[in-house]
Amino acid sequence: MEEHRYKWIMGFVLLATLVLVLFLLNIGVGSVAIPFEDILKVLLGEEASRNAYNSIILKSRLPQTITAVLAGAGLAVGGLQMQTLFRNPLAGPSILGISSGAGLGVALVLLFAGNVLGVSISGYGLLGHMTVVGAAFLGAFLILLLIVFFAQALRDNTILLIVGIMVGYAASAIIGVMKFYSPKEDVHAYVIWGLGSFSNVTWEHLIVLIPVVLIGLLYSLMLIKPLNVLVLGENYAENLGINIKHTRLAILFCTGLLTASITAFCGPIAFLGLAVPHLTKGLFRTSNQKVLLPAVIVAGSVLALFCNLIARLPGFEGALPINVVTGLIGAPIVISVIIKRRKLNMNG
Amino acid sequence: MDNTALLESVNLAVGYNQGSSRQLVLHSKINVQLHRGEFACLLGPNGAGKSTLIKTLSGFIPKISGNVLVDGTHLESYKRNQLAKVVSVVLTEKLQVSNMTVFDLVALGRTPYTDFFGTIGKHDKQLVMQAINDVGLQGFANRQLVCMSDGERQKAMIAKALVQDTPLIILDEPTAFLDLPSKIEIVQLLKKLAEEKQKGILLSTHDLDLALQLADKIWLLGQGRELESGIPEDLVLADGFRRFFEKEGILFDNERGSFKVQQKQLKAIRVVGAGIEYKWLSHALNRKGYQTTETEGDYPQIEVDKEANKAYVLHQTDGSKHELRTIEDLLEQITLD
């Protein structure tokens, strides 16, 4: 066990270093490159050598980078919780239709308002954006409540999983109908929202997003013990004194809160939540949630920062939506990790 | 010695609640007892309701009526965490968790005793290592579950039940998918643990032979019959097994304590001899549908002489004589003529 502990500490040191380096790169790299010295100056509250640097970092890059850290951490935790609860490696934070719910909320605002009321929200700037965020959050939360309602009625996790996926399909279908009858510009605005972005989040948003995500993350740390036992399946867990119903609701609520808030502000970020737990398990080689949970929080931040960095590389600036990057960069990484682990298992 | 039974059922009925008012009662009037240091086997054909009874006794599903007393206290008056310290279970299901080591798994057995974050302290660690040794998995603590055989994994689950430190351990067909040597090992291990650690152990299984040889008590559960319990020998003498496992073509041999497949035995044959060769020759002939006898008559005869080079001498009814080395050759020769 001592050798494991050493490996785990090394893993955390590695990930923490990566977070720091990527954090600084995210602030420094972009269409305007900012020297390292100036980055430190601005972050320490001093004046940079050029005035423009101050405003670029503080108004645009810093909030965007913080958002990436929060979103990566939160979605990764949601993914780990869903994969553990449903004992299914394909589960992710949005598996229960929560992000489809957010999408439905946004579609209602963007498409329905445009169609029926004749108001194009997409043209309203900040106020419009706040409306979109509010609608997404409301939609996601309504779906979460629906899932929690089903969770109380259904004992079987597999059936709950199927119900969740069906709810997601239903939401997507309604969105489809609305898209069909909406003018092009509004549909375009919806599509853009659906591609996800860390850059629309301003300090005003962060005042809400930071505490909500932190609450979700702290809550998840309190669920470590039951989550660890759930790995054995519900029967064994129940026999070990775990209250399955309460635990399940707590886990659903925790993942729901994280996913709903992050999706509301950043749009549906695909893939991160599914991939990070696999990458982390490959790195730490343990099933102990006490190690895994903090690890996915840091690893989630690393992957989100990395994807955001790629999306903002000079030349791509503004051109690459975050979902394109997470898919293109993340998928090969995950495939290689999984294949490598398979081989190890077979040889071992 | 404490005279209260560790596990006792009084007029217990088990089954399932279907909807709000409908009940499916599988068995009623179940009256059994299990004491400390006792190893009991619950036997019965598939679909007899073994699993339902086991689930009810371990608190997974509510009873229909009657009472279950664990250590003298009503099962349903235990709080969740208290019950976890009194009854531990091992189930049929195969556990496949990547990256989980034997130590991790067994340590989860300490869940009812650990703090809010499930911290494994020094004392817990000692108990875990002790239990891993007790089930015969020395040196396996850091082995990954995915790299172990099914039998070893079930032993680890038994170690988990041991560190849960409960007076009662209930196992629901833990050997169902194991090969014969692993089955024997596990049942022997359970018998030993019951004795040495003075635990009450209840095992549901299909393995009649093993149960007959190792169980202190046997609970027989048949479809649509009342549960019968007793020590194996009494049950055999009372024809219990024969009645419970009656099926066409299968007969429980009360003398041998195992099942015999009844074959139509049409042709008679005389076998003369003694010893183990004689026994297995009769076995082979029975299998092939011959009725063996020792009296002379108008049918073929076989002499067994284990000292001779060719042990089996076949005299056919037409007077011809064949000397053969193996039973296989002999059987071939008989069918040829």
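1. How many residues does helix 12 of chain A have, and what distance does this helix reach from its first C-alpha to its last? In this predicted model, helix 12 of chain A, residues 272–284, has 13 residues.

2. Helix 12 of chain A is largely enclosed by the rest of the structure, because eleven of its 13 residues are buried. The buried set consists of A:L272, A:G273, A:L274, A:A275, A:V276, A:P277, A:H278, A:L279, A:T280, A:K281 and A:F284. Following the helix is A:R285, which has a positive phi near 50°.

3. One neighbour of helix 12 of chain A is helix 13 of chain A, residues 289–311; the two axes come within 9 Å and cross at roughly 120°. That angle makes helix 12 of chain A oblique to helix 13 of chain A. The contact draws on A:L272, A:A275, A:V276, A:P277, A:L279, A:T280, A:K281 and A:F284 from helix 12 of chain A, and on A:V291, A:L292, A:A295, A:V296, A:A299, A:G300, A:L303 and A:A304 from helix 13 of chain A. By class, the residues of this contact are 13 nonpolar, two polar and one charged. The crossing of helix 12 of chain A with helix 13 of chain A is right-handed.

4. A second pair in chain A deserves attention. Helix 3 of chain A (residues 51–85) packs with helix 8 of chain A (residues 203–222) at an angle of about 30°, and their axes are 10 Å apart. Helix 3 of chain A is therefore roughly parallel to helix 8 of chain A. Helix 3 of chain A passes helix 8 of chain A in a crossing that is left-handed. From helix 3 of chain A, residues including A:P63, A:I66, A:L70 and A:V77 take part, and they meet a group in helix 8 of chain A that includes A:W203, A:L206, A:I210 and A:L217. Eleven nonpolar and five polar residues make up the contact of helix 3 of chain A with helix 8 of chain A, with no charged residues.

5. The axes of helix 4 of chain B (residues 122–134) and helix 5 of chain B (residues 150–163) are 9 Å apart, and the packing angle is about 135°. This makes helix 4 of chain B oblique to helix 5 of chain B. Their crossing is right-handed. Helix 4 of chain B contributes B:L127, B:V128, B:A131, B:I132 and B:D134, while helix 5 of chain B contributes B:A159, B:L162 and B:V163. Seven of these contact residues are nonpolar, none is polar and one is charged.

6. Is helix 1 of chain B mostly covered or uncovered? This helix, residues 50–57, is mostly covered, with eight of its eight residues buried. Its buried residues pack against several strands of chain B, among them strand 1 (7–18), strand 2 (22–34) and strand 8 (200–205). Just after helix 1 of chain B, B:G59 has a positive phi of about 85°.

7. Finally, the two chains meet: 25 residues of chain B are in contact with 23 residues of chain A. On the side of chain B that touches chain A, two or more residues come from each of helix 2 (80–83), strand 6 (87–90) and helix 3 (102–108) of chain B. Helix 3 of chain B gives the largest share, three residues. This side of chain B comprises 14 nonpolar, eight polar and three charged residues.

Conventions: Residues numbered from 1 in each chain as written. Chains lettered and ligands numbered in written order. Predicted model: local features only at pLDDT ≥ 70, side-chain atom pairs only at ≥ 80, totals over all residues. Axes fitted to C-alpha atoms, helices over the stretch in contact; angles between N-to-C directions. Helix = DSSP H or I, 4+ residues; strand = E, 2+ residues; numbered from the N terminus. Parallel < 35°, antiparallel > 145°, perpendicular 65-115°, else oblique. Left-handed = near helix turned anticlockwise from the far one by under 90°. Contact = placed C-beta atoms within 7 Å. Nonpolar A, V, L, I, M, F, W, Y, C, P; charged D, E, K, R; others polar. Buried ≥ 20, exposed ≤ 12 C-beta atoms within 10 Å, placed from the backbone. Expected span 1.5 Å × (residues − 1).
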